[in-house]
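Me: I'm new to this one. Could you pick out the aromatic rings and take me through them closely?

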Amino acid sequence: MEWTSASEIARLVQNGERSALSITEAALTRIKSLNKTLNAFTDVTAGRARAKAQALDKARSEGQPLGPLAGVPFAVKNLFDVEGLPTRAGSKINRKHKPAGRDATLIERLEAAGAVLVGALNMGEYAYDFTGENVHDGNAHNPHDIAHMTGGSSSGSGGAVAGGLVPLALGSDTNGSIRVPSSFCGIFGLKPTYGRLSRARSFPFVASFDHLGPFARTTKDLALAYDVMQGPDADDAACADRPVEAALPTLNHGIDGLRIAVAGGYFRKGASAETREAMKLVTKALGVTREIEIPEAERARSAAYVITATEGAALHLERLRKQARDFDPAVRDRLIAGALVPAALVNQAQKFRRWYRGEVLKLFGEVDIILAPATPTTAPKIGQQTFVLDGVEMLLRPNIGVYTQPISFIGLPVVAAPIPLSPLPIGVQIIAAPWREDLALRVAEKLEQSGVAVAPKPEF
């Protein structure tokens, strides 16, 4: 059952062809077998999962209707509150905190739809990471080649879904932490519009950029999970007061009439051969010939760095004063540097952000979808420090998000779609206007049905 889709698992459980408990036991067995290799999970909630599965089976035996994710195992990045577990957020410091007294809103909504939580997942410390390496819990390993990174900071989420441990996982994306693991691990990921999904009871990083969203191996599963998590939430001040706008019913509507363009200029600069090949395959499959330029994208990335550094530093200042030695030194040093950024520079970055958002939104008067690379390279090796970007050897960690930061900077919805190149996959971004996740998912579905965007199975 490890490669069965979430929607198919739910159908089997709803119809009584498989019990929720048997599905759960199979997932727990696979986690036990493979996690020592992939290091995707930091906590396994086996007792809770079995109890939930048994309750679902009992409900079905009594003739009660089951939800659209009945019996589907899922796991969450360990910055989500899970009742009974300390919310690690990838850190040494947080694991000493009291266990959470209530689940995060998105966990509650998935479980209300019948999904079964099986554990919490590895991540980069405090989400300030693009590689998936963690000095406290060990590095997550890419299922397609365990010598390579999963990408971060949602490292365990990428590895768990790509490795067949769970069909669904949740992660967070501040500057690219859903899209980068999706690209490196060869799976689908959705970074929704800023404010679309509740962040209540999750550990923050940069409140003005933070998004939560799902990973899956099919577009349909991504849409299914996304739909059940939608809706206002008074517990998150940034969550929009919008009704559920389901994407699944329109998933197969195709792309006829959609105005699609590929991002040029900055988004072509520095692309590896693999990135260029992925974009070529996607544009050919969709019949896209139009190119559009996102203005000042390079400056947007710089402004995103300034705001990330300063907001992150402000969040952790007290911890830095009292427990600096308990941080990953690389994370600690970036946070300290952020605390030293002049206020005038932050103000300038925020003013630019408002201007840039307005300019990019104008583009959506001309097009419905913009295509762009997700990462400038396939997954580097664990421990790798540099890579070549635009003919120049660059530090790896700060430059993996070169294509993702200008997009999350203004909260646009993006589906990351996997292109199964050999030997390692790579992703593309399908970018839509605010609140039009449905359009991005339709394009992803078209690419999946054409065989261009497919989550490849690793060779275990």
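Reply:
**Around the aromatic rings**

Let's start with Arg-353, which lies over the face of Phe-409, at 5.6 Å from the ring centre. A charge counts as over a ring if NZ of Lys or CZ of Arg is within 6 Å of the ring centre and within 35 degrees of the ring normal. Keep in mind that this is a predicted model, where local features need pLDDT of at least 70 and side-chain atom pairs 80 or more, while totals for chains, interfaces and linings use all residues. Residues are numbered from 1 along each chain as its sequence is written, and side-chain values use heavy atoms, leaving out hydrogens and water.

Phe-409 belongs to one aromatic cluster with Phe-209, Phe-352, Trp-355 and Tyr-356. Across the whole structure there are eleven aromatic pairs (ring centres of Phe, Tyr or Trp, using its six-membered ring, within 6.5 Å; planes under 30 degrees apart are stacked, over 60 edge-to-face, the rest tilted). Take Phe-352 and Tyr-356: their ring centres are 5.6 Å apart and their planes at 20°, so this pair is stacked. They sit four residues apart in helix α11 (residues 343-363), so about one helical turn separates them. Helices here are DSSP runs of H or I, at least four residues, and strands are runs of E, at least two, numbered from the N terminus. Both Phe-352 and Tyr-356 are buried, meaning under 20% relative accessible area with a 1.4 Å probe, protein chains only (exposed is over 50%, partly exposed in between).

Tyr-356 also pairs with Phe-409, this time tilted, at 5.8 Å centre to centre with 45° between the planes. That pair links distant parts of the chain, 53 residues apart: Tyr-356 is in helix α11, and Phe-409 is in the loop between α12 (405-408) and β12 (414-419). Phe-409 is buried, like Tyr-356.
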